[in-house]
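Work through the exercises below with the coordinates open. Each task is followed by a solution in steps.

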Protein chains: 2
Amino acid sequence: MTAPVIVLVAPQMGENIGMVARAMANFGLNRLRIVAPRDGWPNEKARAASSGAVAIVDAASVHATLADAVADLQFLYATTARPRDMLKPVVRPKEAAAGLRARSARGIATGILFGRERTGLENDEVALAQAILTFPVDPAFASLNLAQAVLLVAYEWMQAGGEGAARPVPAPPELLPASAADLEGLHTHLENALEEARYFRVAEKREHMTQGLRNIFAKANLTEPEVRALRGAIAALERRWLKRSLKIGGV
Amino acid sequence: MTAPVIVLVAPQMGENIGMVARAMANFGLNRLRIVAPRDGWPNEKARAASSGAVAIVDAASVHATLADAVADLQFLYATTARPRDMLKPVVRPKEAAAGLRARSARGIATGILFGRERTGLENDEVALAQAILTFPVDPAFASLNLAQAVLLVAYEWMQAGGEGAARPVPAPPELLPASAADLEGLHTHLENALEEARYFRVAEKREHMTQGLRNIFAKANLTEPEVRALRGAIAALERRWLKRSLKIGGV
């Protein structure tokens with residue numbers, strides 16, 4: 001499956017291009033095309049800001065026109081700050097990511113167009129796209145920067161992936177939950193200690209109190225080392241009494 | 001419904017704080033707390049970088065310690081670059097957002113902890129949280145910056161909102177999670193008791209052992225009555241020594 005191309009149209013600041021590369025790399029995208037960068041190309045500020053994603057910056061292709069940059073692509077999303085009256089489907093990043101995945105899987109070459117830092121894409125640029133991608137921002141404060149917009153799209157692309165999106169991380173044995181027998185041992189240990197300590201002063205309340213404590217440890221999803229740590233703590237509190245009483249007895 | 005609090009722990013660059021505010025504003029979050037900002041407070045660079053979200057920066061509260069910043073909060077996510085062996089639930093931004101919405105709807109005060117730019121949260125800071133929030137980044141290139149991490153969480157918070165997504169159904173008070181301040185009281189009580197009981201025999205292991213115990217109680221999502229029950233149990237074990245030694249002494 002071919003991942004979508006990120007197309008930056010007339011970006012102004014090299015730093016932003018570098019940040020875009022970095023946002024992409026976080027979520028497994030690496031194909032970058034740049035149309036008419038204001039400060040020319042190559043751009044050292046872009047390389048510096050890419051923070052390790054410099055390979056993406058170096059591999060980026062630069063184009064004089066948007067038409068040239070997208071010539072081989074078969075499906076384009078144009079990102080806009082708000083939906084425009086373009087009579088095109090308008091989707092959120094999540095739907096766009098699903099659409100991109102589905103198309104990539106069918107061998108369709110896709111791209112996402114991002115406009116200038118301040119003014120975005122012009123209407124004739126949006127016109128090249130099959131659909132509009134907009135962001136569910138608070139209408140009272142819509143101010144995503146270029147790299148943030150790319151980040152959200154790349155993030156949803158990764159999420160829509162399945163692979164990597166939710167790879168279960170197998171737990172090492174010491175992170176597995178303790179057995180019911182281990183828990184029972186803990187409860188019995190604690191209850192015996194509390195019994196001796198006269199915690200259950202009112203007999204009728206004993207069961208209720210015991211259950212309350214058991215609930216606490218059940219909720220904690222204790223591991224076996226944690227059960228041992230708790231039993232160690234209880235034992236220490238018991239030993240304390242023992243030591244002190246021996247000491248006092250021995251005086 | 002009360003939106004979650006964004007908590008920045010020891011952020012270094014004012015610019016990053018401003019960018020965080022801006023990321024928040026895009027997606028309807030506005031409660032910001034800052035722990036020990038490196039360059040002091042107020043910070044003109046933070047205001048300048050907030051790009052219109054200056055009201056969030058100006059309304060941010062500043063705290064000397066993380067414990068102080070989260071004292072009134074009842075459920076905390078700690079963000080980490082990769083899952084750590086913390087024996088806590090680890091969730092992605094999307095699941096976290098659903099969890100935050102559900103808790104907010106029940107009147108539970110929530111917060112999300114973000115660590116230092118380079119080094120993130122320390123283990124004792126993560127230990128305060130009930131769950132870990134991590135990002136589904138490409139393992140080969142994980143380099144979200146602070147504002148980007150906040151952006152993704154805020155974005156998912158907005159996404160999880162939907163219309164009517166979270167009609168407030170306040171939980172009865174006895175089922176609400178204990179506050180971080182209550183938990184801190186429990187931990188201090190237990191640690192003091194264990195200190196006296198010489199549980200921490202090897203000084204170098206003290207911190208590790210303490211964190212282990214704190215993690216257990218963080219995972220348990222304790223309610224306030226449960227915290228009281230546990231403190232009662234600890235107090236009983238303490239009193240036991242007192243009573244016995246008096247008795248023995250009186251023999």
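Buried means under 20% relative accessible area, exposed over 50%, and partly exposed in between (1.4 Å probe, protein chains only). The model is predicted: local features need pLDDT of at least 70, side-chain atom pairs count only at pLDDT 80 or more, and totals for chains, interfaces and linings use all residues. Residues are numbered from 1 along each chain as its sequence is written, chains are lettered from A in the order in which they are written, and side-chain values use heavy atoms, without hydrogens and water.

**Exercise 1.** Find which residue forms a salt bridge with B:Asp72, and classify both partners by accessibility.

Step 1. A salt bridge is a side-chain nitrogen of Lys or Arg within 4 Å of a carboxyl oxygen of Asp or Glu. The partner of B:Asp72 is B:Arg33, with the closest N and O atoms 2.8 Å apart.

Step 2. B:Asp72 sits in the loop between α4 (66-69) and β4 (75-80) of chain B, and B:Arg33 in strand β2 (residues 32-35) of chain B, so the pair ties together parts that are 39 residues apart in sequence. Helices (H or I, at least four residues) and strands (E, at least two) are DSSP runs, numbered from the N terminus.

Step 3. B:Asp72 has 41% relative accessibility and therefore counts as partly exposed. B:Arg33, at 12%, counts as buried.

**Exercise 2.** Locate the salt bridge between B:Arg47 and B:Asp58 and classify its ends.

Step 1. The N to O distance is 2.7 Å. B:Arg47 belongs to helix α2 (residues 44-49) of chain B and B:Asp58 to helix α3 (residues 54-59) of chain B, 11 residues apart.

Step 2. B:Arg47 is partly exposed at 30% relative accessibility, and B:Asp58 is partly exposed at 45%.

**Exercise 3.** Are B:Arg116 and B:Glu125 buried or exposed?

Step 1. Their side chains form a salt bridge at 2.8 Å, N to O.

Step 2. Both B:Arg116 and B:Glu125 are buried.

**Exercise 4.** Describe how α1(B) and α7(B) pack.

Step 1. The axes of α1 (residues 14-26) and α7 (residues 146-161) of chain B come within 8 Å and cross at roughly 15 degrees. Axes are lines fitted to C-alpha atoms, for helices over the stretch in contact, and angles run from 0 to 180 degrees between N-to-C directions.

Step 2. The two helices are therefore roughly parallel (angles under 35 degrees; over 145 is roughly antiparallel, 65 to 115 roughly perpendicular, the rest oblique).

Step 3. With contact meaning heavy atoms within 4.5 Å, the α1(B) side includes B:Met19 and B:Ala23, and the α7(B) side includes B:Val150 and B:Ala154.
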